[in-house]
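Here's a quick tour of one protein model, with a focus on its inside. Have a look at it before reading on.

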Amino acid sequence: CGFRGGYVELINIDPAVKAMFTKAISAKLCSAVTGQAAMDVVVNPPKPGEPSFELFKHQKDTVLGQLAEKGRMTTDMFNSIKGISCNPVQGAMYAFPRIDIPKKAIAEAKSKGLAPDAFYCYSLLEETGICVVPGSGFGQKEGTWHFRTTILPPVEKIGEMLNRFGDFHIKFLNKYS
């Protein structure tokens, strides 16, 4: 999955709670050295005037700009498809759209022992190769259906994926409505 690392700052926390937190994290394995080195750059980025600052700023601005563009593309595309609504993607690598699943599809899912959104996600994977995660694994509100998808692929790939997704969804609605 790439670099793994983490950072936490505890402020104004009860000493007993902090002691339990320290005990809990001490029992876990730490990230690899490369992940720890990456975290150092995250918490101590180059500063103006340092030799690498301009390149760092350019790369950071490019990556964040592309993430914002892909978030807008994803939100706009999902919201343009009948039966899907998606809150704006903000500060995350994921979209979590809500999908309307026809009653016939819900019945088909139950006959296969699947949650309706899992059935939808498996159908999407089998028919398009697009892999998303069913929302039922995230404790969604009873009677609602969602899925989670990432916005990390390159802009061109996101556009292609969203177009294939839109075609699939319309076919799915037609098949089960």
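Is Phe172 buried or exposed? Phe172 is buried, at a relative accessible area of 3%; buried means under 20%, exposed over 50%, partly exposed in between (1.4 Å probe, protein chains only).

Bear in mind that this is a predicted model, where local features need pLDDT of at least 70, side-chain atom pairs count only at pLDDT 80 or more, and totals for chains, interfaces and linings use all residues. Residues are numbered from 1 along each chain as its sequence is written, and side-chain values use heavy atoms, leaving out hydrogens and water.

Phe172 is among the residues with the most contacts inside the largest nonpolar core, which has 28 residues. Such a core is a set of buried Ala, Val, Leu, Ile, Met, Phe, Trp, Tyr and Cys residues joined through side-chain atoms within 4.5 Å. Helix 6 gives the largest share, seven residues; helices (H or I, at least four residues) and strands (E, at least two) are DSSP runs, numbered from the N terminus.

Now for the rings. Twelve aromatic pairs turn up in the whole structure. Rings of Phe, Tyr and Trp (its six-membered ring) pair if their centres lie within 6.5 Å; planes under 30 degrees apart are stacked, over 60 edge-to-face and the rest tilted. Two of the pairs:

| Pair | Centre to centre | Between planes | Kind |
|---|---|---|---|
| Phe78 and Phe147 | 5.5 Å | 80° | edge-to-face |
| Phe119 and Phe172 | 6.1 Å | 55° | tilted |

Phe78 sits in helix 3 and Phe147 in strand 5, so their pair ties together parts 69 residues apart in sequence. Phe119 is in helix 5 and Phe172 in helix 6, 53 residues apart.
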